[in-house]
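Subject: Structure handover

Hello,

Here is the structure I said I would pass on. My notes on it follow below the entry.

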Amino acid sequence: MAYTPISNLPTPPSRQEPSTFSVRADAFLGALPDFGTEVNAAGDYIDAKGIEVDAAAATAATSASAAATSATNAAAAQTAAEAAADATLWVSGTGYVVGDVVYSPSTYFTYRSKAIQTSTTDPASDATNWVLIGVGGTALLSITNTTATQDQTAFTGSYTAGAVVVTLNGVILTDTTDYTATDGTTVTLATGADAGDEVGIIGFPTFLVADTLPLAGGTLTGALAGTTATFSGAVSGASVAATGAVTATSGDISGEFIADSYNETFATLSGTTPAVNCETGNVFALTTSGNTTFTFTNPPATGTAYGFTLKVTAGGTHTLTWPASVDWAGGTAPDAPASGAVNVYVFFTHDGGTNWYGFLAGGAMA
């Protein structure tokens, strides 16, 4: 929305100039409505800009929080990488002190010694004396450094194809041009190394984007389990298992649904023409205030059964009129409750509300 400048008001009338007073007064007063409109437009413009500023501030705060988290993770990754870079091959029977860094001959992951020890168990299998170097307890890098023999081309390490860096005397080599690395354990140089060359194999952890669920959309093909889950749209799946609340706008479970406790939404009705909205609950209550005519709205489509319970408290001697689609036992609706009494009715349909089957579940409840 563009800002509309506020027009200057005409010269105001002055008692010191009686000859122009009436002309200026008319012009001044005539300009006031347009002036007021322009002032209001300016106020709307300022309000809109204020909303934009608030939104920008909120976005900036979110970005700042994300940046801080990224910085923390980056610092942890740097620390782990620096530690891993100094790793030497673990050798059984060797004495180690606290802080020594080695890499396992079985996993090629790096570990830091937690004790003064003569180590005889591979660090990969000895969590008592060794701690995995990584971020959050997950291996960050697998690093193998090998001193080459003359014309050696094959070197052993641990990596995932496509997530590996190979170096020769500290210089990063080009995949498929300078070497091949496809099987996860062997790196083959295109040209044999010289004796004494240092060949490094650095394997990086990977993750599959296909195994993540997007913020919008996505399909869960297995069970959804958790203590609490909240959804703003439909929940569809073969099974849903939860020890806490599962809340959603709508849901379709094609398999078996098992819950320790099943609760139904309760809605209070009012007035003399109340509508029982099937989408708002399964239990309804009304205290009559006069002769009452009910309507049933928004039943599910044909093929999906729906039922509800209705508690009617008579606020006086009032009649109850039901939708013509309701079929009662014997073809006759039960009597309305006497003044002050409570009746409980149950209704269900399976054909989209074309036919409702009604039952008096309790009469003159005390």
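Leu168 has Val199 as its bridge partner in strand E15. The two strands concerned, E11 (residues 164-168) and E15 (residues 198-203), run antiparallel and pair over five bridges. E11 also pairs with strand E12 (residues 171-172), again in the antiparallel sense, over two bridges. There, Leu168 stands opposite Val171. The hairpin of E11 and E12 has two residues between the strands, and Asn169 takes a positive phi near 55° in that hairpin. Please keep in mind that this is a predicted model.

Overall make-up

The protein chain has one helix and 31 strands. It has 366 residues, of which 27% count as buried. Its accessible surface is about 21800 Å², with 57% of that area belonging to carbon and sulfur atoms. As for contacts between residues at least 6 apart in sequence, 47% join residues at least 24 apart.

An open sheet

Strands E1, E3, E4 and E6 make up an open sheet of four strands, in the order E1-E3-E4-E6, with mixed pairing. Strand E1 (88-89) and strand E6 (130-132) are at the edges with a single partner strand each, so one side of each has no neighbour in the sheet. Inside that order, strand E3 (residues 101-103) and strand E4 (residues 110-113) run antiparallel and are joined by three bridges. Tyr103 has Thr110 in E4 as its bridge partner.

Nonpolar cores

The largest nonpolar core has 19 residues, and those that touch the most other members are Phe294, Phe296, Phe308, Leu310, Trp322 and Phe347. Strand E24 (283-287), strand E27 (306-313), E29 and E30 are the elements that give two or more residues to this core. E27 gives the largest share, four residues. Another core, of 13 residues, lies apart from it; Ala148, Val164, Ala181 and Leu189 are among its members.

Phe294 can be looked at on its own. Where does Phe294 lie? It is in the loop between strand E25 (292-293) and strand E26 (295-297). Phe294 counts as buried because its relative accessibility is 2%, and the cut-off for buried is under 20%. Leaving out residues up to four places away in sequence, Phe294 touches Leu269, Pro274, Val276, Leu286, Leu310, Val312, Leu320, Thr321, Trp322 and Pro323. One of these contacts, Val276, is 18 residues from Phe294 along the chain, and the C-alpha atoms of the two are separated by 7.3 Å.

Aromatic pairs

The count of aromatic pairs comes to 18. Take Trp328 and Phe347: their ring centres are 5.5 Å apart and their planes stand at 75°, so this pair is edge-to-face. The pair links distant parts of the chain, with Trp328 in strand E29 (residues 326-328) and Phe347 in strand E30 (residues 342-349), 19 residues apart. Are Trp328 and Phe347 buried or exposed? Both are buried.

Ring pairs also link a set of residues into a cluster: Phe284, Phe294, Phe296, Tyr306, Phe308, Trp322, Trp328, Tyr345, Phe347 and Trp356. Phe294, Phe296, Phe308, Trp322 and Phe347 from this cluster are also named among the core residues that touch the most other members.

Salt bridges

How many salt bridges does the structure hold? There are two.

One joins the side chains of Glu17 and Arg24, at 3.2 Å from N to O. Glu17 is partly exposed, with a relative accessible area of 35%. Arg24 also counts as partly exposed, at 25% relative accessibility.

The other joins the side chains of Lys49 and Glu52, at 3.4 Å from N to O. Lys49 and Glu52 are both in helix H1 (residues 18-85) and are three residues apart, which is about one turn of the helix. Lys49 is partly exposed at 34% relative accessibility, and Glu52 is partly exposed with a relative accessible area of 45%.

Regards

Terms used: Residues are numbered from 1 along each chain as its sequence is written. This is a predicted model: local features need pLDDT of at least 70, side-chain atom pairs count only at pLDDT 80 or more; totals for chains, interfaces and linings use all residues. Side-chain values use heavy atoms; hydrogens and water are left out. A salt bridge is a side-chain nitrogen of Lys or Arg within 4 Å of a carboxyl oxygen of Asp or Glu. Buried means under 20% relative accessible area, exposed over 50%, partly exposed in between (1.4 Å probe, protein chains only). Rings of Phe, Tyr and Trp (its six-membered ring) pair if their centres lie within 6.5 Å; planes under 30 degrees apart count as stacked, over 60 as edge-to-face and the rest as tilted. Contact means heavy atoms within 4.5 Å. Accessible areas come from the Shrake-Rupley method with a 1.4 Å probe; for residues, only the protein chains shown count as cover. Two strands pair if DSSP finds at least two bridges between them. A nonpolar core is a set of buried Ala, Val, Leu, Ile, Met, Phe, Trp, Tyr and Cys residues joined through side-chain atoms within 4.5 Å.
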